[in-house]
Amino acid sequence: MKEIRVLDCTLRDGGYCNDCHFGFENEKYIVESLVQAGVDIVECGFLTQKVEYREDYSRYTSLDQIARILPQDRQGKLFVVLMDYGTYNVEDLPNWDGSSVDGIRVTFHKKDLEPALVLAEKIKAKGYKVFLQPMVALSYTDREYLELIEKANALRPYAFYLVDSFGTMKRKDMLRFFYMIEHNLAEGICVGFHSHNNLQLAYANAQTLTDLQTSRSLIIDSSIMGMGRGAGNLNSELFLDYLNDNAGGQYQVKPLLRVIDRVLDGFYQQNYWGYSLPNYLSASHNVHPNYALFLAEKNTLTVENMDKIFDAMAPEKRSSFDRAYMEELYLRYMDRSAGEDSMAALGQAVKGKRALVIAPGKSARVQKEEIAAFAGEEDVVSVGVNFDYAYFATDYIFLSNLRRMEELGQGYEDRLIVTSNIPDQGAKYHVGYAGLLSQPEAVRDNAGLMLIKLLIQLGVKEIWLAGMDGYSHDANENYVQEQMRMTAKNQTLDAMNQGMCQALGELAKQVPIHFLTEPKYVTLGAN
């Protein structure tokens, strides 16, 4: 009869959702609750020398630090920590003495296979149980994977893992890899399965493995509430319940529910994880989920646009996140051809005038009378930012956002100024995209800032801002129109506010800039 054990990775994989900042007491509480629940193996976090140790974070530089969160009575459970290849000098690892973790999980990409196996052998020689975790199984051909298994047999780790790093494995993929492992991995080595939930298949695949007729000892990874990067992981509370009903499990689920209520729900509210369209797209293209997150946070692209960018990715760039590479792809996609005559024609229309920029912040509705009065003054040219202002027809509408273009619809072509990433749908003016970007990364392609930069290039004598309020953590407070509401993490919104202040301060050195409506979160300064 096969043995099925559960490894909970909340303190490690869940750390991608809160920068590993669980809090020291919460870490102890989570470990204690997992032991109470009967979870077989507890992963405590990362062992890394890339960052300094801080007590409230589940990233550790020594095993003594991990020992502080472990219970006095281990109740026969195993405790492990993850070491990502290249982040820790194994010579600094003491010999195992039972005072801290029992095992080390070694993760590595295909390109690092040989040195990672050498590292794993050194860890094993020090007395630790080695969990060998080759990332992105789907990046291996069948022949390469069989060669990997042969090398694992020579090492004889405690466990060899089938890893679905991007949540892309469908049942047939998982079974293909599992049968290669089952028929070729040496006897006595446990088979592990680590999945992500981008395609909502983590639970289904775990059930499939549970129900297989095999004599292999299995270790299934999960996390409480599915906490993990992007779409998250298999939910521990769900899987334990399934094992109780279908595989003779004797787990207690309630301790994990208390962890959700007391600790994890707060993290979820701050930085949600779970199924989303970007996570689906990353899985369907078999790319690192951080690429999808990067593009989604731009809040400028439609599904079709993201699809095209993923299609353009080089195969060797898909498995590891490269921010600079994706930024280059994104800008290349956005900065398509612009009309040569647009800048000259616009310059003739606005040069020497006062420009009224109407952004879609709430103050644009609250102070609509003042805005209308100012727009009616002589030598004022008014421009809406990514929307049609409801209280009077602005002279122009500036669009840099593909999604906003679709929301706007037809009938505005004579007033439209669009950046070169917008498909030509009859807009009167086309201007370059790349030349309007700002320096702070958080607001690099903020539409309001792009318009201000364009107006400066066109030679306006001064700029007045309305509705450029900045961003509240309450999404309901940010926009004059409900349909424009954007959901983002609080830290992202704070970074955008800070970036806007910095960018506005720099732009104000080139032309006088004034606020017509009262902003809440931005100023013309750098703070």
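This report describes a predicted model, taking the sheet, a helix, ring contacts, cysteines and selected loop residues in turn.

## The parallel sheet

Seven strands make up an open sheet with parallel pairing, in the order β14-β13-β12-β11-β10-β15-β16. The edge positions are held by β14 and β16 (513–515); each has a single partner strand, so one side of each has no neighbour in the sheet. From one strand to the next the twist averages 25°. Helix α17 (residues 368–375) packs on this sheet, where it touches β10 (354–358), β11 (380–385) and β15 (462–466). The direction of α17 makes about 150° with that of β10.

Strands in a sheet pair through backbone hydrogen bonds, in either a parallel or an antiparallel sense.

## Strand β10

Strand β10 has a partner on each side in the strand order, β11 and β15. It runs parallel to β11, and 5 bridges join the two; Val 357 stands opposite Val 383 in β11. The pairing of β10 with β15 is also in the parallel sense, over 5 bridges. There, Ala 355 has Ile 463 of β15 as its bridge partner.

Is β10 enclosed or open? Because 5 of its 5 residues are buried, β10 is largely enclosed by the rest of the structure. Both faces are covered, with Arg 354, Leu 356 and Ile 358 buried on one side and Ala 355 and Val 357 buried on the other.

## Helix α12

Helix α12 spans residues 289–298, and its buried residues are Pro 289, Tyr 291, Ala 292, Phe 294, Leu 295 and Lys 298. These buried residues pack against three other helices: α11 (277–284), α13 (303–311) and α14 (323–334). After α12 comes Asn 299, which has a positive phi near 55°.

## Aromatic rings and charges

The structure as a whole contains 18 aromatic pairs. One of them joins Tyr 268 and Trp 273, with 5.0 Å between the ring centres and 85° between the planes, an edge-to-face arrangement. The two residues can also be described by their accessibility: Tyr 268 is partly exposed at a relative accessible area of 31%, whereas Trp 273 is buried at 6%.

Elsewhere, ring pairs link Tyr 140, Tyr 145, Phe 160 and Phe 177 into a cluster.

## Cysteines

A disulfide is a covalent bond that connects the sulfur atoms of two cysteines. The count for this model is 0 disulfides.

## Selected loop residues

Most residues other than glycine have a negative phi. Arg 156 is not a glycine, yet its phi is positive, at about 55°. Arg 156 lies in the loop between α6 (142–155) and β7 (159–163), and it is partly exposed at 41% relative accessibility. Asn 386, also not a glycine, has a positive phi of about 65°. Asn 386 is in the loop between β11 and β12 (396–399) and is buried, with a relative accessible area of 10%.

Ala 442 is located in the loop between β14 (429–431) and α19 (447–458). It is partly exposed, at a relative accessible area of 37%. Leaving aside residues up to four places away in sequence, Ala 442 touches Ala 495 and Met 496. Lys 362 is 80 residues from Ala 442 along the chain, and their C-alpha atoms are 21 Å apart.

Key
Residues numbered from 1 in each chain as written. Predicted model: local features only at pLDDT ≥ 70, side-chain atom pairs only at ≥ 80, totals over all residues. Heavy atoms only, no water. Phe/Tyr/Trp six-rings, centres within 6.5 Å; stacked < 30°, edge-to-face > 60°. Buried < 20%, exposed > 50% of the residue type's maximum accessible area, 1.4 Å probe, protein only. Helix = DSSP H or I, 4+ residues; strand = E, 2+ residues; numbered from the N terminus. Contact = heavy atoms within 4.5 Å. Disulfide = S-S within 2.5 Å. Pairing = 2+ DSSP bridges. Axes fitted to C-alpha atoms, helices over the stretch in contact; angles between N-to-C directions.
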